[in-house]
Amino acid sequence: MNRQLEFLIYCIEEYKRRNGTTGRATYDLFERSGACRYIIDHYDALHTAGVEYTLDDVRTMLEW
């Protein structure tokens, strides 16, 4: 498994844990909103900023 995918899974798991959703529902939400592609495409910057920063970005995407 590559690092981008591992980080994406970690973000999905953290979002799921913090919001009390299922893994499938969280993945579907990330996929529909473009968050999966965003996390993978911007992995180099996001993984150094940490999961808090990344999830803040994802929350912003979901509010649109």
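**Close-up 1. The largest nonpolar core has 14 residues.** This is a predicted model; local features need pLDDT of at least 70, side-chain atom pairs count only at pLDDT 80 or more, and totals for chains, interfaces and linings use all residues. Residues are numbered from 1 along each chain as its sequence is written, and side-chain values use heavy atoms, without hydrogens or water. A nonpolar core is a set of buried Ala, Val, Leu, Ile, Met, Phe, Trp, Tyr and Cys residues joined through side-chain atoms within 4.5 Å. Buried means under 20% relative accessible area, with a 1.4 Å probe and protein chains only. Among the residues with the most contacts inside this core are Phe7, Leu8 and Phe30. H1 gives the largest share, five residues.

**Close-up 2. Leu8 and its contacts.** Leaving aside neighbours within four places in sequence, Leu8 is in contact (heavy atoms within 4.5 Å) with Phe30, Cys36, Ile39 and Ile40.

**Close-up 3. Phe7 and Tyr43 form an aromatic pair.** Rings of Phe, Tyr and Trp (its six-membered ring) pair if their centres lie within 6.5 Å; planes under 30 degrees apart count as stacked, over 60 as edge-to-face and the rest as tilted. This pair is edge-to-face: 5.9 Å centre to centre, 70° between the planes. Both Phe7 and Tyr43 are buried.

**Close-up 4. Tyr15 and Phe30 form an aromatic pair.** Their rings are edge-to-face, 5.3 Å centre to centre, with 75° between the planes. Tyr15 counts as buried at 10% relative accessibility. Phe30 counts as buried at 0%.

Technical notes
Buried < 20%, exposed > 50% of the residue type's maximum accessible area, 1.4 Å probe, protein only. Helix = DSSP H or I, 4+ residues; strand = E, 2+ residues; numbered from the N terminus.
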